[in-house]
Amino acid sequence: MSKPKVMLACQDVSIRYMVGDFKAIGLKEWVMRRLTGNYKVVDFWADRHVSFKLRQGDMLGIIGTNGAGKSTLLKAISGIMEPTKGRIVRRGNVSALLELASGFDGDLTVKENAYLRGAMLGYTRAFMDETYPYIIDFSELKAFEDSPFKQLSSGMKSRLAFAIASLVKPEILILDEVLSVGDGAFKAKSEAKMREIITGGATTILVSHSIAQVRKMCNKILWLDKGRQIAFTDDVEGACDCYEAFLRAPAGTEPKFDPDKIAAKRAAAKAEAERQAAERRRQEEERRRKAAEAATELARLRAEAAKLEKVRRILKGSGK
Amino acid sequence: MIDQLKKYQFLFEELVKRDFKKKYKRTVLGMGWSILSPLLVLLVMKIIFTQFFGRTMTHYTTYLFCGLLTFNWFSESTNLGMRCLYANAAVFTKINVPKYLFLLASNVQTLINFALTLLVFFLFCAIDRIAFTWRFVLLIYPILTLLVFNIGMGLVLSALFMFFRDVDYLWRVFLRLLMYGSAIFYTIDQFSARLKLAFACNPVYRHIAYFREVVIDGTVPSLPAHLVLAGFALAAFAVGAFMYKHYNTKFLYYV
């Protein structure tokens, strides 16, 4: 059987990010700082030597603490940024759902915003005309259709954003913390919708701080820490265990993906569990044996008592 | 390029619509204001400067209007265009869209504004007893070149605005200077040759001069006049396009 084709490949991708004084300063200040030598721009590598390959239908979970370079990597994959070094090969259209609620225009109505967002996501007008009733229905905003967007609560905003974005049928789908939107009822609805998209055959990348969610949905794990690639593996359980162990460890501990160690630990835990089960079984046996003994004893005593009763009756009869 | 345009046509239309709605929907006078405001400026200038220049000049109102019409379009287009990239930062840092679309959309809006003012301009021409000739068709040429020039300047300015926010302030000062330096309400006939050369290097003045030649003098401008306009437009556009291409993935650092 041939493997499904590779949809996305990152080959030794490194991304340099600039931080420093260049942001939001005016020309005047820039000149002044240049003259006084007070102009500092620091480059740092947000991602270093990241390599992985995803095949059709894969669901990759990217895990890592804040500042690990997850979002930067996603931006590079979706084409908003370019990798400083290395190459990203995409086979198919990429759709990224990053920080859904931003990028709307507060002055436009809900309907106008929906169309604008649809256009940005690359839908056609015909498609929007057709699906708009569904969007407004799904996001439960029928009553607000013509009110300015800024009057909506933040929950409503993300609901609309999700409803529009979830219509995508991309070959590569990027989800950045978007699975949990809205209140309880809507959350369930959105998760169901999300699963529908994922099972529809898309190659998906999920960034989430919920390890339970990653365990549940992903079949591959990319673990980043301060831009370095700690692991890329299909041993989801192993990687998640290691990551959780790292999170629990005292600050300063080096993150380490050591599936063998984890496997050994898991084997030990399993053996311990088995030993405990055996012990429980033994105790149960003992208890059952004792119960049986007690039962025989009881029967014996009852027989004895019956005998004595008979004797008592005979004696009573002869006494008359 | 054609494929790109087709792909983003819907987005482009929606952006134009958004800019339009934002500008007009929530004001009482709406679109009328954008015609009324240059007319008021025209009125003020007419009242004041007729005393100085208008006495010796025929069709002074039309002369003034030619200058104001052209200059206002340039000023409005570059002012609006300058901010359009920054204003849409929340969009292009999240979704991969061609960044020049925002600028093109804002230019569509100012073009429509210009077209409306142009209609009023023709009305004023008629009142001023200007002879309408076939040469008026030639006006399409400077309108096209100024459109490209506006887009080019918009590209440059919006890119610069991402890096330095006070470009806004500097540009406003420069526009004021340009307004006084574009011979909107005076003539340069009596100036020295060297000063005239300075005016010849002013793209906005060259467009104004073209307009006046066709409308007031009723003549066809020379070939060099045509070439200069195209040259300005292409140069500005080339610089702007280069900046966008070069900084395309770097803008998001500056948000």
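Okay, let's begin with A:His49, which sits in strand β2 (residues 41-55) of chain A. Strands here are DSSP E runs of at least two residues, helices are H or I runs of at least four, and both are numbered from the N terminus. A:His49 has a positive phi of about 50 degrees, even though it isn't a glycine. Most residues other than glycine have a negative phi. Is A:His49 buried, exposed or something in between? It counts as partly exposed, because it has 15 C-beta neighbours inside 10 Å. For the cut-offs, buried is 20 or more other C-beta atoms within 10 Å of a residue's own, exposed is 12 or fewer, and partly exposed is in between, with C-beta atoms placed from the backbone.

Quick housekeeping. This is a predicted model, where local features need pLDDT of at least 70 and side-chain atom pairs count only at pLDDT 80 or more, while totals for chains, interfaces and linings use all residues. Residues are numbered from 1 along each chain as its sequence is written, and chains are lettered from A and ligands numbered from 1 in the order in which they are written.

You'll find A:Glu140 in the loop between α4 (125-138) and α5 (154-165) of chain A. A:Glu140 has 16 C-beta neighbours inside 10 Å, so it also comes out as partly exposed.

Now zoom out to the whole of chain A. It has nine helices and nine strands. Its radius of gyration is 33 Å, well over the 20 Å that the globule rule gives for 320 residues, so chain A is more spread out than a compact globule. That radius is taken over C-alpha atoms, and the rule is 2.2 Å times the number of residues to the power 0.38. Along the principal axes, the C-alpha trace of chain A spans about 130 × 50 × 50 Å. Of the 320 residues in chain A, 34% are buried.

How is chain A divided? It's split into domain 1, which takes in 6-93 + 170-256, and domain 2, which is 258-320; the bounds come from an automatic or database domain assignment. The C-alpha centres of these two domains of chain A lie 59 Å apart. Five residues of domain 1 are in contact with four residues of domain 2, where contact means C-beta atoms, placed from the backbone, within 7 Å. On the domain 1 side of that contact we have one nonpolar, one polar and three charged residues. Nonpolar means Ala, Val, Leu, Ile, Met, Phe, Trp, Tyr, Cys and Pro, charged means Asp, Glu, Lys and Arg, and the others, Gly among them, are polar.

Let's look at one strand of chain A, β7, which covers residues 203-207. Five of its five residues are buried. A:Thr203, A:Ile205 and A:Val207 point one way, A:Thr204 and A:Leu206 the other. Which strands lie alongside? β3(A), residues 59-63, runs parallel to β7(A), joined by four bridges, and A:Met59 stands opposite A:Thr204. β6(A), residues 172-176, also pairs with β7(A) in the parallel sense, over five bridges; pairing needs at least two DSSP bridges. There, A:Asp176 stands opposite A:Val207.

A:Leu206 turns up again in the largest nonpolar core, which has 124 residues. Such a core is a set of buried Ala, Val, Leu, Ile, Met, Phe, Trp, Tyr and Cys residues joined through C-beta atoms within 7 Å. Among the members that touch the most others are A:Leu60, A:Ile174, A:Leu206 and A:Ala239. The largest share of the core, 13 residues, comes from helix α4 (residues 60-87) of chain B. Back in chain A, A:Ala239 touches A:Ile221, A:Trp223, A:Ala231, A:Thr233 and A:Phe257, leaving aside residues up to four places away in sequence.

So, on to chain B, which has 11 helices and zero strands. Its radius of gyration is 19 Å, close to the 18 Å that the globule rule gives for 255 residues, so chain B is as compact as a globular protein of that length. The C-alpha trace of chain B spans about 60 × 45 × 35 Å along its principal axes. Of its 255 residues, 36% count as buried.

Last stop, the place where the chains meet.

Note on methods:
Two residues are in contact if their C-beta atoms, placed from the backbone, lie within 7 Å.
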